[in-house]
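Hi,

Here is the model I promised to pass on. Have a look at it first, and then read on for what turned up.

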Amino acid sequence: MNNISIFFSKIGHSIKHFFKYLFKAQNENNPSYAKKFIRNNGVQSVITSLICILVGLLVGYITLLIINPEGAASGFQTILLNFLTFNRGELELKYFAKTLVNTTPLLCCALSVLFAYKAGLFNIGASGQYLVASCITLLCSLVLHLPWYVCTILAIIGGAIMGSLVGLLKAYFNVNEVISSIMLNWIALYVVNLIIKKSPAWNDSVNETFNIAENASSSLLPTLGLNNATGFAYFGIGLFVAIFFAVVVIIVLRRTVFGYELMATGFNRNGAKYAGINEKRSIILSMAISGALAGLGAPLFYLSGMGIYTCPSVVPQMGFDGISAAFLGGLNPIGAIFSSYFLQHIMSAGAKLNTDMYCSQTADLIVGVIIYLCAFAGGLRIFVNKLSNGEIKFHFKKKKNRPQMLKEDK
Amino acid sequence: MLEKENYILEMLHITKSFSGVLANDDVSLKLRKGEIHVLLGENGAGKSTLMSILFGLYDPTYGEIKINGETVRIKNPNDARKYHIGMVHQHFKLVECISVLKNIIIGVEPFKEYKYVAKEKPSLKDGSSFWKKIIHFFKVSWFYISQGISKFLDICLINKLLTYLNKKIFHFIDYKKAREDVLAISKKYHLDIELDALISDITVGMQQRVEILKMLYRENDILIFDEPTAVLTPQEIDELMKIMKNLTSEGKSIIFITHKMKEIFAVGDRCSILRKGKYVGTVNIADVNENELSDLMVGHHISLELNKKPANPTDVVLDVKNLVIYDKQRKIDKVKDVSFNVRKGEIVCIAGIDGNGQSDLIFGLTGLESIKSGQILLNGTDISSYSIKRRNNAGMAHIPEDRHKHGLILDYRLDENIALGKQNSKEFSRFGFINFKARKQYANMIIEKYDVRSLFGVYSNVRGMSGGNQQKAIIGREIEKNGDLLIAVQPTRGLDVGAVTRIHEQLIEQRDLGKAILLVSFEMDEVLNLSDRILVMHDGKIQGELESSKTNAREIGLYMIGAKGEKHE
């Protein structure tokens with residue numbers, strides 16, 4: 001008995017010392033490990049994103065409560081857990097794989113947005129670039145039956161041209177990239193719809209394109225047995241290609257002279273010019289790369305075999321959700337992987353909401369609310385940063401004319 | 001016990017720490033009514049922090065602020081305004097695209113008041129013509145109607161209501177009253193100003209006057225001038241000194257931050273000195289001389305005299321022939337047919353009043369702006385069509401005038417900034433990848449050699465560094481580029497005496513090593529002390545070329561205003 005109590009007191013003692021070690025400042029210039037940890041950029045990003053997600057979920061829950069209090073709890077559970085409510089291992093795995101495939105284009109759009117953002121540009125036209133790439137993918141696979149890598153490369157080039165158009169306008173005519181890219185979204189939509197409807201890829205009888213899995217199986221992405229392992233027939237290497245490019249983006253931005261120059265242009269165009277950087281080239285190139293990244297999403301999605309183009313009458317949400325995903329991921333490519341998965345998880349769960357209790361728009365509303373709050377991550381980040389540096393202090397009790405501490409005379 | 005003095009402002013034992021680093025350590029400042037109190041200190045000595053605390057931008061860690069003997073707490077600039085503290089910032093806080101009057105009243109606009117004002121009845125001279133009488137009839141009827149309505153509104157309290165609503169909701173501005181008030185103030189303090197001009201159209205000196213009027217319009221008693229003379233011409237500085245004297249004679253108290261000894265001795269009454277965040281002491285200016293003050297400031301003896309050997313120029317490095325630069329917006333030539341050369345081992349200075357084409361000339365030389373015609377020869381090759389990168393590679397180094405706009409990427413770290421302009425060189429890149437180790441080593445070398453002080457060494461954020469240290473980093477970077485030609489535009493702008501001397505020494509050292517140096521400066525002392533040849537620019541032309549050993553400030557001044565020198569037409 002005695003031994004055990006000593007044992008526990010020792011453990012308690014060491015835990016206490018561990019915390020003391022964490023929170024005690026090392027010396028005057030070096031703050032404690034805990035403070036260092038909280039001041040770390042990455043940690044701050046993660047904290048910010050988590051706060052955003054929590055607040056978004058909370059507001060979503062409240063919305064559900066307002067619309068129909070009875071089903072709120074179960075509805076909220078559906079949205080949060082999605083396929084994890086199925087209680088069958090293989091089914092859960094299958095739907096997990098499906099969500100991952102759906103995540104792929106969203107991740108690409110998020111990468112596109114964040115790359116442009118790092119170069120000081122706001123690419124709202126990821127949707128348009130994605131559309132053009134989709135068109136090229138569909139034509140290359142359904143009509144020309146080209147192998148997947150050729151389709152992918154051509155689609156990327158299409159996206160890049162679309163992006164560089166915005167960059168050209170910005171560099172030479174000083175057209176705001178937000179305006180031109182959002183306009184080009186619509187131009188892309190109608191042109192793509194026109195081309196697809198006139199092409200042999202269009203199946204008039206069902207009013208959508210032919211199924212790639214059935215009609216152009218030679219163009220499908222390699223699956224490497226992943227489809228059998230997960231039980232989801234369309235799960236291929238698409239996601240891994242996207243993740244590979246996320247890593248490439250990190251390396252380009254942080255490790256190369258090219259990334260250094262792009263980011264310098266983004267921070268200070270005049271300074272970049274002074275340093276001998278061709279800032280017009282930088283702008284055009286960064287928009288082209290941004291467009292290429294958005295374009296990458298289309299082949300990775302359609303060539304999984306799952307995608308069917310239906311000629312929508314509005315610009316797809318993909319590019320705009322990419323903005324949310326990029327910001328929620330703390331403008332970090334690796335963060336974007338997780339944030340775009342989370343968004344896709346929520347979005348596909350919305351469709352599973354009980355339609356007896358909630359009308360079909362409710363799911364969109366909730367998801368919209370959550371995504372909307374996720375976009376606050378950028379602003380909140382500054383706040384968290386200031387908080388951790390002690391620049392903002394909370395005065396819980398407001399006193400009038402609080403006497404100031406006088407430094408004691410020695 | 002000593003007799004208690006009446007101070008209008010006392011800052012006692014102010015201590016401010018930024019995440020463990022003390023920016024102010026037990027600093028006390030006592031301001032008498034009606035004095036000009038100079039605040040002196042090196043760059044980064046904590047002057048700006050102290051003033052920011054007074055202005056409510058920072059909260060002090062310890063210490064108290066007393067105004068007229070009462071302890072107050074200034075939480076934000078609005079509080080500062082409440083206690084009648086006003087500040088002229090080094091970089092003016094004016095709205096470029098609206099008029100002077102609107103800039104002055106911004107934030108404290110007088111709202112229109114509606115009330116009955118008895119007016120004079122229009123009168124008619126005897127023997128007027130028939131038509132005059134008819135007009136008079138209408139005038140009189142309008143007089144009765146308007147006065148009647150006005151009186152009626154007053155009696156029914158509708159005017160009161162309108163005034164109240166305007167104050168709370170509508171906010172119609174009474175420009176007439178504002179104009180009268182501002183004119184009254186400008187007359188009282190002899191501040192000539194054009195009220196309807198746009199800020200973007202008036203000179204820097206005028207803008208400063210607008211800032212001063214802004215403070216006076218807010219009825220401030222404590223005025224802070226943060227390096228007000230850094231951007232002014234000699235004439236404008238004299239004018240400002242006069243204005244400051246005027247202000248104190250009217251009972252205002254001034255805190256004056258400056259690095260220029262001449263100004264301190266011209267207007268200062270007392271001087272408080274800060275050194276590395278610590279309070280050194282307060283002296284009466286009448287009791288000390290220049291050297292004593294600078295010793296107090298730096299903490300050890302520095303010599304203000306430059307040790308300069310006569311120049312020994314050899315080959316021509318930069319040869320500019322008939323350079324013309326065109327302004328697309330104003331549709332005039334900014335630089336008109338300028339020719340000069342710079343030789344190895346000499347410092348050539350372009351003097352002149354700000355805005356006479358010096359900046360544009362430099363932009364043209366460095367490639368930031370395209371030229372209309374003419375030739376720029378660097379070591380015999382025409383570089384006028386080269387890109388900036390090629391010019392840099394050809395041996396041109398450039399210390400830019402605006403360090404925030406051109407010289408630095410403020411969001412980058414110090415080492416990244418030190419590599420700026422050399423990012424593509426073999427030294428820092430391998431197959432397009434950055435060589436982090438070499439870059440860090442190089443940055444550390446420059447930090448050590450040029451005494452760049454910052455919190456976290458190469459990893460410190462440049463935005464958070466003091467202006468002087470930012471400038472040192474740029475100067476180190478450009479000198480170490482080892483080009484044949486060094487173009488330095490205002491290299492010592494806003495730096496303290498010690499740093500200025502050091503930079504001057506470094507420039508002279510470079511000259512003696514055989515570099516060609518082209519200097520642009522608006523400060524007469526710098527022009528005279530540092531240069532071997534002086535080119536004076538006026539209205540886009542080179543008005544005259546002078547040997548610095550054979551001229552004086554007066555003569556240069558005459559060239560500057562165009563009163564002397566060759567006429568090109």
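Predicted model: local features only at pLDDT ≥ 70, side-chain atom pairs only at ≥ 80, totals over all residues.

Strand 11 (residues 316-327) of chain B and strand 12 of chain B run antiparallel and are joined by eight bridges. Strands here are DSSP runs of E with at least two residues, helices are runs of H or I with at least four, and both are numbered from the N terminus. Two strands count as paired if DSSP finds at least two bridges between them.

Residues are numbered from 1 along each chain as its sequence is written, and chains are lettered from A and ligands numbered from 1 in the order in which they are written.

For touching, read contact: C-beta atoms, placed from the backbone, within 7 Å of each other. For directions, the axes are lines fitted to C-alpha atoms (for helices, over the stretch in contact), and angles run from 0 to 180 degrees between N-to-C directions.

One residue in strand 11 of chain B deserves a click: B:N322. Its phi is near 50°, a positive value in a residue other than glycine. B:N322 counts as exposed because it has 11 C-beta neighbours inside 10 Å. The cut-offs: 20 or more other C-beta atoms within 10 Å is buried, 12 or fewer is exposed, in between is partly exposed, with C-beta atoms placed from the backbone.

B:H190 also has a positive phi, near 55°. B:H190 lies in the loop between helix 6 (175-188) and helix 7 (204-217) of chain B, and is exposed, with 10 other C-beta atoms within 10 Å.

Strand 9 (residues 270-275) and strand 10 (residues 278-284) of chain B pair antiparallel over six bridges, with B:I273 opposite B:G281. Two residues separate the strands, and B:K276 in the turn has a positive phi of about 50°.

Overall, chain B has 19 helices and 22 strands. Of its 569 residues, 40% count as buried, and its C-alpha atoms fill a box of roughly 90 × 75 × 50 Å along the principal axes.

Chain A has 18 helices and two strands. Its C-alpha trace spans about 90 × 65 × 45 Å along the principal axes, and 44% of its 410 residues count as buried.

What I looked at in chain A was helix packing. The axes of helix 5 (residues 89-118) and helix 15 of chain A come within 7 Å and cross at roughly 65°. These two helices of chain A are therefore roughly perpendicular (65 to 115 degrees; under 35 is roughly parallel, over 145 roughly antiparallel, and the rest oblique). The contact includes A:L106, A:C109 and A:V113 of helix 5 and A:M318, A:I323 and A:A326 of helix 15 of chain A.

Helix 15 (residues 318-328) of chain A also meets helix 16 (residues 333-350) of chain A, with axes within 8 Å and a crossing of roughly 130°. That makes helix 15 oblique to helix 16 of chain A. Among the residues making this contact are A:D321 and A:L328 of helix 15 and A:A336 and A:L343 of helix 16 of chain A.

Finally, which helix of chain A holds A:C108? A:C108 lies in helix 5 of chain A, and counts as buried because it has 35 C-beta neighbours inside 10 Å. Leaving aside neighbours within four places in sequence, A:C108 is in contact with A:A242, A:L293, A:A294, A:L296, A:G297 and A:L300. A:C108 and A:P333 are 225 residues apart in sequence, yet 9.8 Å apart in space, C-alpha to C-alpha.

Cheers

Methods:
Contact = placed C-beta atoms within 7 Å.
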